[in-house]
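Let's take a walk through this model, side chain by side chain.

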Amino acid sequence: MGIILNQSFKNIIVTYIGFAIGAINVLLLYPHFLEPKYYGLITYLLSASTLVWPIMGFGVHNTLIKFYTSYKRNKDKNRLLTLAIFLPLIVGIFIGVLSLIFQKQILNYFDENALVKPYVWLIVVISIAVAYFEVFFAWSKLKLKSVFGNFMKEVFHRLCVTFLLILFYYDVIEVHQFIYLLTAAYLLRTFIIKIYAFGLLPPKLRFEFPSNKKQVFNYSLLILIAGSIATALLDLDKVMIEHYLPIEKVSVYGIAVYIASVIAVPSRAMHQITLPITAQYLNHKEWDKLKDLYQKSSINLLVVSGFIFLLIVSNVKNLYEMIPSDYQIEFSIVVLLSLIKLYDNVLGNSNSILFNSDYYKIVLISGILVVIVAIVLNIWLIPAYGIYGAAIATFLSFALYNTTKLVIVYWKFKMQPITLNTFKILGFIFALGILFYFIPLDFNPVLDILIRSLIIGILYLAGAYYFKFSNDINNLIKNYLKK
């Protein structure tokens, strides 16, 4: 547990650094340095790649972690490692061949946004790079090393983007060179993590299937479906905006999505810690401990993410004052997208419970149905309401998916994370949000954000402590005050 907690803490720091650099790129550099159509093009290429790479990876990154330690014979371990190296390549070649066969039809799809056509092939390249990055990142985790891989995942490519944007600003490179160099950065990232992973665990190729190949392939297929569901719900809206609206709208919407995604950081960080503990409680059938963890993780995440939600809602006007007018968006869109992330945190460790239990197939089937609903909603709402329609479709899809997961956990385990404190916290968040949204400070936007955030921070921390929303957070505050 010491290794898990130590590396989880370092991963939290790395993740926040990555998000901070990403915020500088998304909110300041991209909008001021690139025209909306080119920013939209880059956002689209990366979102499309996010949809494709889980298919390329075929769930191998999760399969490695699940099965490697279960093998007692080295030859079985090496068979699995060999499969992890070559399976994504085979799938990638297959998809590449299909892309060539149907090249004309694919290009015709982009007739409305011809700017995308010369770069469509980069989607396949970036997808392969990301798929292999995830494989080699998982490879390094087999030796309980995750911090360097997390740095490469969260920080490296964002630093590359910053560097490339500066080169573009000073006319060292042009837009098309920026796009190709950005693709090269993803390839370089994969090459570096491969060298690191092979240094930790050198491969010994054995061109044979693992002895439990049926189990391995079935699990990989299920992870492929699960990964595709997750990425579809996250990036489907941006991809469909490109099809129905001018490509500039992808960049406008993408900024709002990034602002809201900051709320997800606490959940991502806590997942690193709760995943192994949840699995332990399930394996030993310690239901009381599992219920306690379920409710505590939900409350703690809601308190922390609620604070971030509050900062975003109260400061979003100031944030957009610092962004060129071409990227302005309705306040309600940011709120809808932020509410999705807030709801994600209310779930606590429900994902860990479901995907470590015998009921993950139910979640996968539900997820497939939700993706179909999301596609239908986007087809209906985007042409009718533009990017506001995309936000509504995404909000409704995630609300349905998250509620489904809550219902399944309650149905199968007779436990749910919502307590009286949940409603108290939500009421407190929305009361402060409404108050500070309408309070004008009339300062410079940066100064306004700093002052407003400081006041909100003091009031929120004092309120959370006084109303005793979370015993864990109160104990942390008490321990800090004693020092």
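Lys-289 pairs up with Glu-286 in a salt bridge, with the closest N and O atoms 3.2 Å apart; the term here asks for a side-chain nitrogen of Lys or Arg within 4 Å of a carboxyl oxygen of Asp or Glu. Lys-289 is partly exposed at 45% relative accessible area, and Glu-286 is partly exposed too, at 22% (buried is under 20%, exposed over 50%, partly exposed in between, using a 1.4 Å probe and protein chains only).

Keep in mind that this is a predicted model, where local features need pLDDT of at least 70, side-chain atom pairs count only at pLDDT 80 or more, and totals for chains, interfaces and linings use all residues. Residues are numbered from 1 along each chain as its sequence is written, and side-chain values use heavy atoms, with hydrogens and water left out.

By the salt-bridge rule, the count comes to five. Another of them joins Arg-452 and Asp-448, at 2.9 Å from N to O. These two are four residues apart in helix H18, so about one helical turn separates them (helices are DSSP runs of H or I, at least four residues, numbered from the N terminus). Both Arg-452 and Asp-448 are buried.

Helix H7 (residues 147–169) repeats the spacing: Glu-154 and Arg-158 are four residues apart, about one helical turn, and their side chains meet in a salt bridge of 3.2 Å, N to O. Glu-154 is buried at 5%, and Arg-158 is buried at 14%. The charged end of Arg-158 also sits over the ring of Phe-19, 5.3 Å from its centre (the cut-offs are NZ of Lys or CZ of Arg within 6 Å of the ring centre and within 35 degrees of the ring normal).

On to the rings: the structure holds 23 aromatic pairs, meaning rings of Phe, Tyr and Trp (its six-membered ring) with centres within 6.5 Å, where planes under 30 degrees apart are stacked, over 60 edge-to-face and the rest tilted. Phe-133 and Phe-137 make a tilted pair, 5.9 Å centre to centre with 45° between the planes. Both lie in helix H6 (residues 120–141), four residues apart, so they are separated by about one helical turn. Phe-133 is buried at 0%, and Phe-137 is buried at 5%.

Phe-307 and Tyr-460 are tilted as well, at 5.4 Å and 35°. This pair links distant parts of the chain, 153 residues apart: Phe-307 in helix H12 (residues 287–321) and Tyr-460 in helix H18 (residues 445–466).
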